[in-house]
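Please look at the sequence and the model before reading on.

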Amino acid sequence: MKNLMKISLIAVLFLTAFGASANEKDFSLKVKSEKGKTVSFSINEAKNINLSIYGKNNETLFDEKINSNGVFNRTYDLNAFPEGNYILEVETDAKLAQYEIRISGGTASISEKAITEVFKPVLTKGNGFVTLSVSKLDKSPIEVQVFDENNTELYSGVITDKTSIAKKFDTNTTGAEKLTFIVRYKDQIFSETIASR
């Protein structure tokens, strides 16, 4: 019976195309030049934003949760920060990106391009299916596990050589009320539990 549930939940559709997931353009960060130890930037196309600044040894120096209507502009005064390099981390529902902040000679600057960027998995539910979508910039392997509310593994697989995936799981034939999806890739672990009905 357990094997039947596993087989029933196995993906019925596998797409590999750009634009397959809704999170590819989750946000864009635009840096503006400022004088002194201030940095300005705007974030477009994101509503729930977590913005953090990290110092040496990954210590959190600043953390802010922002609810936006899709466009967010902000200027930060970094005069309290000593000279050195810092990490600005911007996280939304679908993307996690880090930028380098450099404070030197009484001025601060942010790298225009992200030094790391990871697209987070997005789960959508409809018509008896749960769709897992992940966009990524390279072809690193993605490990996917699905568990029911009793911590019984219903699916386990590794997807390789894809730059974007959309994988559908049929929930009509499983008796599970809740499903927990664990996705691992690029040294990141993402976990989300959703109602299967």
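Predicted model: local features only at pLDDT ≥ 70, side-chain atom pairs only at ≥ 80, totals over all residues.

Residues are numbered from 1 along each chain as its sequence is written, and side-chain values use heavy atoms, with hydrogens and water left out.

Four strands form an open sheet in the order 12-11-14-15, with antiparallel pairing. Strand 12 (153-159) and strand 15 (188-195) are the edges, and because each has a single partner strand, one side of each lacks a neighbour in the sheet. Strands are DSSP runs of E with at least two residues, numbered from the N terminus, and two of them pair if DSSP finds at least two bridges between them.

| Strands | Bridges | Opposite residues |
| 11 and 14 | six bridges | Glu143 and Arg184 |
| 14 and 15 | eight bridges | Thr180 and Thr193 |

Strand 11 (residues 142-148) has six of its seven residues buried, where buried means under 20% relative accessible area with a 1.4 Å probe, protein chains only. Four residues separate strand 11 from strand 12 in a hairpin, and Asn151 in the turn has a positive phi of about 65°.

Glu89 lies in strand 5 (residues 84-91). The side chains of Glu89 and Tyr54 are joined by a polar contact of 3.3 Å, that is, a pair of N or O atoms within 3.5 Å, where within protein one must be able to donate a hydrogen and the other to accept it, and residues adjacent in sequence count only if both atoms are side-chain atoms.

Notes. Buried < 20%, exposed > 50% of the residue type's maximum accessible area, 1.4 Å probe, protein only.
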